[in-house]
Amino acid sequence: MTFKKDESAGYLANRMARLFAQHLHERIAPLGIVPGQFPALLSLWERDGVTQKELVSGLDIEQATIANTLTRMERDGLIRRTRHPSDARAQQIWLTPKAKKIREDAYAAAGQVNAKALSGLDVHERAAFLGYMSRVIDALHSGN
């Protein structure tokens, strides 16, 4: 069997993800954030005060990776951590005013990257493409 990278969904998805990250980085760097922080910020902008375990579960990111990301985000003044009121082993993660202030600009930056990436597709193709991506993700989550 011959492997053709340009016919490999995994290879193409990885390449696309790297390009998204590169273009996103260019747009969010002036906001003081990097693409690796973006998933955590998106989650916290939706629901502030979650635990690290909840972030790991919701983002499909490994524990060690999110721990390093949160340490950097705390250093950069984007989050603060407080002791969880009912679980002494856990900490809640809260956005700082700095992180809350950049939310709309970060959303706009991501929207610009998405618009550029999908610009070669019409409205129906965009909907189909996003639907296919979601179905692939669901299939990989199910373990089949």
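I count Ala, Val, Leu, Ile, Met, Phe, Trp, Tyr, Cys and Pro as nonpolar, Asp, Glu, Lys and Arg as charged, and the others, Gly among them, as polar.

**Ground rules.** This is a predicted model, where local features need pLDDT of at least 70, side-chain atom pairs count only at pLDDT 80 or more, and totals for chains, interfaces and linings use all residues. Residues are numbered from 1 along each chain as its sequence is written, and side-chain values use heavy atoms, with hydrogens and water left out.

I looked up the largest pocket and got about 1200 Å³ of space. A pocket here is an open set of points on a 1 Å grid over the protein atoms alone, where a 1.4 Å probe fits, with protein on both sides within 12 Å along at least five of seven lines; lining residues have an atom within 4 Å of a point. The volume is the space filled by probe spheres set on the points, which are joined across faces, edges and corners. It has 29 lining residues, and Met16, Ala17, Phe20, Met133 and Ile137 are the closest to its centre. I sorted that lining into 23 nonpolar, five polar and one charged.

Which helix gives the most to the lining? That is α7, with nine residues. Helices are DSSP runs (H or I, at least four residues), and strands are too (E, at least two), numbered from the N terminus. α1 (9-28), α2 (38-46) and α6 (103-117) are among those supplying at least two residues each.

**Strands.** β2 (79-83) runs antiparallel to β3, joined by five bridges, with Arg81 partnered to Ile93. β1 (50-51) also pairs with β3 (91-95) in the antiparallel sense, over two bridges; pairing takes at least two DSSP bridges. There, Thr51 stands opposite Gln92.
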